[in-house]
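Q: Please take a close look at one part of this model. I would like its neighbours in the chain and its surroundings described in plain terms.

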Amino acid sequence: MITLKDLAATLGVSVSTVSKALKDSPEISKDTIARVKEIAKELNYRPNTLALSLKNRKTKTIGVIIPDILNVFFARILYGIEQESNALGYNIITCLSNESFEKENNSLNLLANGSVDGFIMSVAQETQTNGEVKHLKDTINQDVPIVMFDRVANDVDCDKVIIDDFNAAFRGTEILIKEGRKKIILVNTLGDLSVGKLRILGYKKALEKHESYKGEPVVIDIEDDKAILNDQLENIIREHKDMDGLFCIDNVSGVMSVNIAQRIGKKVPEELSVIGFASDDISHLSYPHLSTITQHAEAIGQQSVRMLVARLESKEEAIPTSTATVDFTIELRGSTLEK
């Protein structure tokens with residue numbers, strides 16, 4: 001491996017000059033900087049990041065823990081994290097929890113030993129379901145900060161990036177109410193996840209607020225299993241023949257519901273309005289196209305990086321934690337009467 005000493009010997013200058021030139025120091029002339037960088041490139045010089053981290057106590061690396069990389073929403077957040085990290089001079093190491101508490105815990109333990117400066121993560125489903133937070137608090141207590149996004153643990157004191165799931169669901173349900181729908185059902189594929197609970201509360205509050213709506217809330221929990229999702233949704237649409245409004249709190253079930261309804265002879269949106277939730281990438285896969293509450297995934301990733309880097313680079317010893325709310329938009333298309 002080529003070292004700074006090797007470069008200095010080749011160039012006939014001091015190690016200090018080489019080091020400063022590689023950092024574009026104003027103390028070094030532009031010609032010397034260009035010459036040093038040219039030779040460094042020719043000799044394939046790579047800085048020893050481990051040595052730098054030991055010297056500076058900083059790795060300039062962020063650990064990212066994602067619950068499900070096959071989920072388009074999380075994939076787009078990861079893209080936003082990578083883009084913003086790169087712009088701010090940080091690298092990322094990405095781990096997948098695959099919704100497992102054990103994998104999430106192992107990733108924290110693996111990287112919190114000095115490999116990364118901090119974490120950006122969305123909590124695994126198993127972690128939330130079991131109410132596990134000790135591993136998260138232990139990491140923060142080791143002076144390794146965490147920024148949580150989307151799925152967050154409310155009893156862990158750390159920075160968080162969310163959307164207003166309650167208000168988003170409230171406004172989505174209001175659209176169906178204002179269309180004059182008489183039986184609006186919510187389909188929950190998110191189990192006991194915090195975001196799902198907030199969306200259900202927003203749906204119920206909207207029904208409660210509008211006196212024109214006389215029906216009771218109907219929340220149907222189904223499994224987020226692609227192998228049986230189609231059958232579960234078809235059963236709901238066939239069994240609830242008087243249902244004229246359907247709020248799906250994820251977009252996959254929303255798209256499938258529109259296509260199933262059309263296939264079995266229920267006209268969308270004349271007889272049934274459907275609204276989905278989350279990433280906007282698949283709304284075009286139904287006909288008519290699905291109306292959605294759209295989360296801005298890349299913005300969530302970017303904001304998470306900015307919050308973590310601000311904490312890492314702050315010279316203050318203690319900064320109060322905060323929660324940033326990234327706005328959502330409602331995109332009305334062919335699956336609702338209002339467009």
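What is the place of Asp-150?

A: Asp-150 is in the loop between strand S4 (146–149) and strand S5 (159–162). Helices (H or I, at least four residues) and strands (E, at least two) are DSSP runs, numbered from the N terminus. The model is predicted, so local features need pLDDT of at least 70 and side-chain atom pairs count only at pLDDT 80 or more, while totals for chains, interfaces and linings use all residues. Residues are numbered from 1 along each chain as its sequence is written, and side-chain values use heavy atoms, with hydrogens and water left out.

Asp-150 has a phi near 60 degrees, a positive value in a residue other than glycine. Its relative accessibility is 8%, so Asp-150 counts as buried (under 20% relative accessible area; exposed is over 50%, partly exposed in between, with a 1.4 Å probe and protein chains only). Asn-44 also has a positive phi near 60 degrees; Asn-44 is in the loop between helix H3 (30–42) and helix H4 (49–56).

Next come the aromatic rings. Phe-149 is linked with Phe-73 and Phe-74 into a cluster by ring pairs. Rings of Phe, Tyr and Trp (its six-membered ring) pair if their centres lie within 6.5 Å; planes under 30 degrees apart count as stacked, over 60 as edge-to-face and the rest as tilted. The count by this rule is four aromatic pairs. In one of them, Phe-73 with Phe-74, the centres are 5.4 Å apart and the planes at 50 degrees, so this pair is tilted. Phe-73 and Phe-74 are both buried. Phe-166 and Phe-170 make a stacked pair, at 6.5 Å centre to centre and 25 degrees between the planes. Both lie in helix H9 (residues 165–178), four residues apart, about one turn of the helix. Phe-166 is partly exposed at 31% relative accessible area, whereas Phe-170, at 12%, counts as buried.

Elsewhere, strand S8 (residues 245–248) is covered on both faces: Gly-245 and Phe-247 on one side and Leu-246 and Cys-248 on the other are all buried. S8 pairs with strand S6 (residues 184–188) in the parallel sense over four bridges (two strands pair if DSSP finds at least two bridges between them). Ile-185 stands opposite Leu-246 in that pairing. S8 also runs parallel to strand S9 (residues 273–278), joined by three bridges, with Val-274 as the bridge partner of Leu-246.
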